[in-house]
Every structure is written in structure tokens, then in C-alpha cells.
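These notebook entries record what I looked up in one structure.

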Amino acid sequence: HLRWRPFSWVGVELSTDHFFSVNQAIARRDHMVGADLFLSFIGDDEFFVAPTAGVSLDVRVTEDAASDVTVQPLAGAHCGVMGELYLVDSLAAFAAAKAGALIGAAGEISLSEDAHVSGEVFIEPVGIITLGASYYF
């Protein structure tokens, strides 16, 4: 996560997160890239709490037992709240909770004699909680 606060009350966060499932019949990896705007109305030089709103792109890769791989791009929007507590010597702890929705398509493209495209669009709710440490300068 890269966070930039050009003013004490507004900031932008660019992020990339990677998730994977274990011990499942179908292996799944999610590679997410996002951008958020946050407005830190509560806080001072030692902490802040801010509402956030942003967009994200999720590239979902699934692989079944037969080694068939499916790659699905999903796009969405989210909102939530984040907070940061400045600790010592440019080190801070942060927490964020976000909820939103991703939209994607499950489809099939056939380029044989009877070429066709078929599929469906779906909307998937998503929630993300992150905890971590930041170095700021």
C-alpha cells in the first residue's frame, strides 16, 4: 500500500493485495489492485480516522483438479473506514474495513465453425479487513 496525504485532511491510497485459498478442491488466487480517496476529518499529528471510497480490479485465477485454469477479471467499487496511529520514528499501525461489490462475467468463447460467445454477468459482494504497519516519511 502506498499512501499519500498532500494535505492533513485528504489522502490517496494505491494498493495491491494477493489472496489464495488452501486445502480446497479448487485452488484460487485473487490479485487485487485498488485506489482509494480518504478524508481524515478526525485526528491530529498522532492518529487519524477517515471514511474511504475507491475502486478495485480483481484478477481471479482458479485451477481445478484436472489442472484447468480459469482467469476472470472483476471490477468494482467499495467504501469503508480506515485509521492510522503513529507510533515511533516514522512507524505507524493501520487498520481498514471496506465493503463493496465486484462485477464480472463468466463466459465461453468458441472460435470453431459455429463461433459463439456465451456467458453471464454477475455481481459479487466483497468485504476486506486489513491490519498492518506503515513506514512514513
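Entry 1, cavities. I worked on a 1 Å grid over the protein atoms alone, where a cavity is a set of points at which a 1.4 Å probe fits but cannot get out, a pocket is an open set with protein on both sides within 12 Å along at least five of seven lines, and lining residues have an atom within 4 Å of a point. Grid points are joined across faces, edges and corners, and a volume is the space filled by probe spheres set on the points. The model is predicted, so I noted that local features need pLDDT of at least 70 and side-chain atom pairs pLDDT 80 or more, while totals for chains, interfaces and linings use all residues. Residues are numbered from 1 along each chain as its sequence is written, and side-chain values use heavy atoms, with hydrogens and water left out.

With a threshold of 30 Å³ or more, I counted 1 cavity. The largest cavity holds about 180 Å³ of space. I found 16 residues in its lining, with M32, S56, H78, K98 and I128 nearest the centre. Strand 2, strand 3, strand 7 and strand 8 each give two or more residues to this lining; strands are DSSP runs (E, at least two residues), numbered from the N terminus. By class, I recorded 5 nonpolar, 8 polar and 3 charged residues in the lining of the largest cavity. Here Ala, Val, Leu, Ile, Met, Phe, Trp, Tyr, Cys and Pro count as nonpolar, Asp, Glu, Lys and Arg as charged, and the others, Gly among them, as polar.

I read a volume of about 380 Å³ for the largest pocket. Its lining has 14 residues, and R3, W4, Y135, Y136 and F137 are the closest to its centre. Strand 1 (2–7) contributes the largest share of that lining, 4 residues. The lining of the largest pocket comprises 9 nonpolar, 2 polar and 3 charged residues.

For the second largest pocket I noted a volume of about 160 Å³. Among its 13 lining residues, F19, R28, D30, M32 and V126 lie nearest the centre. Strand 8 supplies the largest share here, 4 residues. I classed the lining of the second largest pocket as 6 nonpolar, 2 polar and 5 charged.

Is E84 buried or exposed? E84, in strand 6, counts as buried because its relative accessibility is 7%, where buried means under 20% relative accessible area, exposed over 50% and partly exposed in between (1.4 Å probe, protein chains only). Beyond its neighbours within four places in sequence, E84 is in contact (heavy atoms within 4.5 Å) with residues including R3, F47, A92 and S134. The side chains of E84 and R3 are joined by a polar contact of 2.4 Å. A polar contact is a pair of N or O atoms within 3.5 Å; within protein, one must be able to donate a hydrogen and the other to accept it, and residues adjacent in sequence count only if both atoms are side-chain atoms.

Apart from neighbours within four places in sequence, T130 is in contact with F94, A95 and A96.
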